[in-house]
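Reader: I am new to this structure and would be grateful for a close look at a single part of it. Could you please take me through the place where the two chains meet?

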Protein chains: 2
Amino acid sequence: MSEMELPPSLGVCGNEKIAKEILSKIWGKRGVFTCTVANTLTSTIPGISDAGDTPELTMFTPAADAELLVLGRTVCMKGIPINPGGIPTPATLTKAAIELSGMPMFIVDGGCRVRPNIPCIELGGECGNYVTSGKAVSNVRGVFEKGKVLGEMLSRGFDFIVVSESCAGGTTTALAVLLAMGVVKENLVSSSSPNNPREFKTKIVMEGLKAAGIEIGDLADDPLRAIECVGDPMMPANVGMIIGAAKHVPVIVGGGTQMAAVIAAAVKLDRSIIGNVFQGTTRWLMEDPQSNMEKMMESISRDVPIVYVNMDYSASPYEGLQAYEWGYIKEGVGCGGSSVAAVIQSSGEVKCDDLLEKVHEIYRKIMSFD
Amino acid sequence: MSEMELPPSLGVCGNEKIAKEILSKIWGKRGVFTCTVANTLTSTIPGISDAGDTPELTMFTPAADAELLVLGRTVCMKGIPINPGGIPTPATLTKAAIELSGMPMFIVDGGCRVRPNIPCIELGGECGNYVTSGKAVSNVRGVFEKGKVLGEMLSRGFDFIVVSESCAGGTTTALAVLLAMGVVKENLVSSSSPNNPREFKTKIVMEGLKAAGIEIGDLADDPLRAIECVGDPMMPANVGMIIGAAKHVPVIVGGGTQMAAVIAAAVKLDRSIIGNVFQGTTRWLMEDPQSNMEKMMESISRDVPIVYVNMDYSASPYEGLQAYEWGYIKEGVGCGGSSVAAVIQSSGEVKCDDLLEKVHEIYRKIMSFD
């Protein structure tokens, strides 16, 4: 197509020209979905993460999300991951997008304490330590290098690649890495709760920076060191995969503020990926009054655009899904990126209404409403 | 195509009708290559395995093969795996086939003591014990189930799947499983040496059966138990993958007698895969006077045909490669299956001459003749 026209299912923010160039390159082509799961003990600090019914259960959320995507049910825990109040994991939308598109998927183990009971691609990572330790992630360079190899391997088989994450506590470690790199100077990150505990998160993050002996912006040129000090094990895997893949095929970085930290690190390590990468996310995240994705992405690079899916749960008969409209969840498990990919791979045939219908089907099945 | 005509690069043995039906279904389509690497302590028994310069080095061969395929060089050891006498690993041919076809590849870790330094798909297996212990493989059911899931996952993304192996000592464990299942009553298995130490292998295998308290044919109906007693960790992974994938897409089982044991187990566990599976191997194996693949496959099922690639190294300027014509190596690391797949995926455009030229290029590069 000459001038790409966006379907109503998608919106663009940031450099529209680059976004449309990438979209026309992969429109109707074959993608692969990947989700990197990881644990950080940071999520068990009470008050930090709502990605789980209790602080302890946040450790089970990544594995359960992955099992849900691959098996359609969870094995490592009973029921599906929920936020306090019973709001279901965004993996419900991810699963809908994958089923409608027919995209194959792979789960990458960035470093888990609780491992999913499914085949995972291992990169040699381990569960992350508390961000407050200042020594948050081990074997960063090794996992990053293997991630690069994996990105290259996947680019042999597919026309584009979706990279995403499920890592509870990840917005806190993202904030820490973004501050360590000086990409942001203040807390712009999101949360899976509308009552984003910003001050508490900032306090925890500042403790981590202090323990690592670094000030805001000190590690502007050493993103892997920033991850090592105050990041989480999802990061080196995904930074590597993005760099390895984007040399060959376009990469959709699926996720919210957690993936902003990953993009910041990847762009710093290899600027040549710009023009072959966009962030894929949801309308919910873009409209979040508690965070500012646009501003954050602008300070990373003006040339990594955002493509978001215009999902709207306000007409859903299920309160657990309506809650997404009230500021809960908003992103995670690549729900935005996979939805954007489903629209792309189907040349726009898959629409938000189709996704919504499929989410309802999956939600009913999981909740045994049927 | 109505009646499939085979290109001169390929030969068929066994049920030609089924072979041609499968071939016409996947001719020119997109495949994926997988290789399952595993260790069994059995390979370190002096005299059992020639897949390595010394008995100790046989433990490094699977990991080194996988690194060679993915990275183009080895990390876990110096140089590439060789048989005593310097005959290079068949991974050289596998790599040629993968490069010429553009097929993506994944390495599956069936259970390794020495792990490859690359991204691997983990199924929860561990290094195998001596076959003489009668307790050769742990977690067989778990790995088998995850293998099934992996086979299904791969079938979402590709039109056909190549399943293969690198597991030194594997012809001995294959013989043991085939005897335990009663598929063969005598030693028909191959070896990577033309001086196939048949009597010694049979003695070792009979020790294993005795330690497990089983007679020939006792486990005809329980292949997973046969693997647990006297198999190796490559087997449950590949049996699962074949069953999981062949429900959806054709599967090429790449390998020699080692994979005959895997096919026997898979067919016993799920007969419905027949008609969607063939063995992909080399002319060298088919012509091996020391073994009898045709006879062995007939006793497994008359309806799992063999498709072999007519590679011929007799005109090669390199003695290490000529040795393949003298009965060395013959198969392994899916070299036959990947070559057959390269012919299929290219609709016959890739010919044995192209493969030979590419093998020479790779061999020169590895040996730094260039």
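Author: The model is a predicted one, and its confidence may be stated at the outset. Chain A has a mean pLDDT of 95, with 99% of its residues at 70 or more. The scores for the model are ipTM 0.95 and pTM 0.96.

The relation between the two chains comes next. Chain A is superposed on chain B by a rotation of 180 degrees with 0.0 Å of shift along the axis, and the RMSD is 0.0 Å. The two copies are therefore related as by a two-fold rotation axis. Within chain A, A:Ile121 has the C-alpha nearest that axis, at 2.1 Å from it.

The contacts themselves may now be described. On one side stand 18 residues of chain A, which are in contact with 17 residues of chain B. Three elements of chain A each give two or more residues to the side that touches chain B: α2 (61–71), β6 (120–122) and α4 (140–157). Of the residues on this side, α4(A) provides the largest share, namely six. Sorted by class, the side of chain A that touches chain B holds 13 nonpolar residues, two polar residues and three charged residues. Of the interface residues of chain A, 94% are interface residues in chain B as well, so the copies meet through the same surface.

Strand β6(A) pairs with strand β6 (residues 120–122) of chain B; the pairing is antiparallel and runs over three bridges. In this pairing A:Ile121 lies opposite B:Ile121 of β6(B).

Leaving aside residues up to four places away in sequence, A:Val177 touches A:Ala226, A:Ile227, A:Val230, A:Gly231, A:Met235, A:Ala261 and A:Ala265.

In summary, a rotation of 180 degrees superposes chain A on chain B, α4(A) gives the largest share of the side of chain A that touches chain B, and β6(A) and β6 of chain B pair in the antiparallel sense.

Definitions and conventions:
Residues are numbered from 1 along each chain as its sequence is written. Chains are lettered from A and ligands numbered from 1 in the order in which they are written. This is a predicted model: local features need pLDDT of at least 70, side-chain atom pairs count only at pLDDT 80 or more; totals for chains, interfaces and linings use all residues. Copies are superposed by least squares on the C-alpha atoms of residues with pLDDT of at least 70 in both. Two residues are in contact if their C-beta atoms, placed from the backbone, lie within 7 Å. Helices (H or I, at least four residues) and strands (E, at least two) are DSSP runs, numbered from the N terminus. Ala, Val, Leu, Ile, Met, Phe, Trp, Tyr, Cys and Pro count as nonpolar, Asp, Glu, Lys and Arg as charged, and the others, Gly among them, as polar. Two strands pair if DSSP finds at least two bridges between them. pLDDT is the predictor's confidence in each residue, from 0 to 100.
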